[in-house]
Amino acid sequence: MKMEPDNNPYAALEKVFHEPNRLAIISSLGGAIDGLTFNELKTQCNLTDGNLSRHLKTLEDHEVIRVKRSTRGTRSKTSVVLSDAGRERFVAYLQALEAVLMVASQSVVAEEQAASFRALWESQFGTEIFDM
């Protein structure tokens, strides 16, 4: 199935979201109105400090998240919040991903139906359908 550029859902799959760890981070932040602390994200996403820091930097550079750093006495606290623009872009990404999955699902179902038809044909007529 050939798609025109304007109808191509693959084009809307932003790479900033498509990386599995960043997808986990944004998914975690999506339900946290007040954001999450660095440690909460680290635990929820099962990431190391360095790996989480690297992904947060990428997301912050793309203005998907806002990172808030504060100190209370000698303790520092890092909180991460999904930006409004980041939320909108993530919703658009999810819609594009849904469209891509629908196309993939339809392709697989069509192939399964064709395979079933070929098997039925061969069982009924003893020859492959395209051997005629």
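Predicted model: local features only at pLDDT ≥ 70, side-chain atom pairs only at ≥ 80, totals over all residues.

Author: The largest nonpolar core has 25 residues, and the ones that touch the most other members are Ile25, Ile26, Leu29, Leu41, Leu56, Val64 and Ile65. The top contributor is H5, which gives 5 residues. As background, nonpolar side chains in soluble globular proteins tend to be buried together.

Let's zoom in on Ile65. Leaving out residues up to four places away in sequence, Ile65 touches Ile26, Leu29, Leu56, Leu59, Glu60, Val80, Val81, Leu82 and Ser83. Among those partners, Ile26, Leu29 and Leu56 also turn up in the list of core residues that touch the most other members.

Now hop over to Ser28, which sits in helix H2 (residues 20-30). Ser28 counts as buried because its relative accessibility is 17%, and the cut-off for buried is under 20%. With residues up to four places away in sequence set aside again, Ser28 touches Leu36, Leu41, Gln44 and Cys45.

Next, the aromatic rings. The model has 3 aromatic pairs. In one of them, Phe90 and Tyr93 have ring centres 6.0 Å apart and planes at 15°, so this pair is stacked. Both residues are in helix H5 (residues 84-125), and they are separated by about one helical turn because they lie 3 residues apart. What about burial? Phe90 counts as buried at 8% relative accessibility, and Tyr93 is buried too, with a relative accessible area of 1%. Ring pairs also bring in Phe17, giving a cluster of Phe17, Phe90 and Tyr93.

Last stop, the largest pocket, with a volume of about 180 Å³. Its lining is made up of Thr37, Phe38, Asn39, Arg75, Ser76, Lys77 and Thr78. H3 and S3 each supply at least two of the lining residues, and S3 has the largest share, with 4 residues. By type, the lining divides into 4 polar, 2 charged and 1 nonpolar.

How values were computed. Residues numbered from 1 in each chain as written. Heavy atoms only, no water. Buried < 20%, exposed > 50% of the residue type's maximum accessible area, 1.4 Å probe, protein only. Contact = heavy atoms within 4.5 Å. Phe/Tyr/Trp six-rings, centres within 6.5 Å; stacked < 30°, edge-to-face > 60°. Core = buried A, V, L, I, M, F, W, Y, C linked by side-chain atoms within 4.5 Å. 1 Å grid on protein atoms, 1.4 Å probe; cavity = no way out; pocket = protein on both sides within 12 Å on 5 of 7 lines; lining within 4 Å. Points joined across faces, edges and corners; volume = space filled by probe spheres on them. Nonpolar A, V, L, I, M, F, W, Y, C, P; charged D, E, K, R; others polar.
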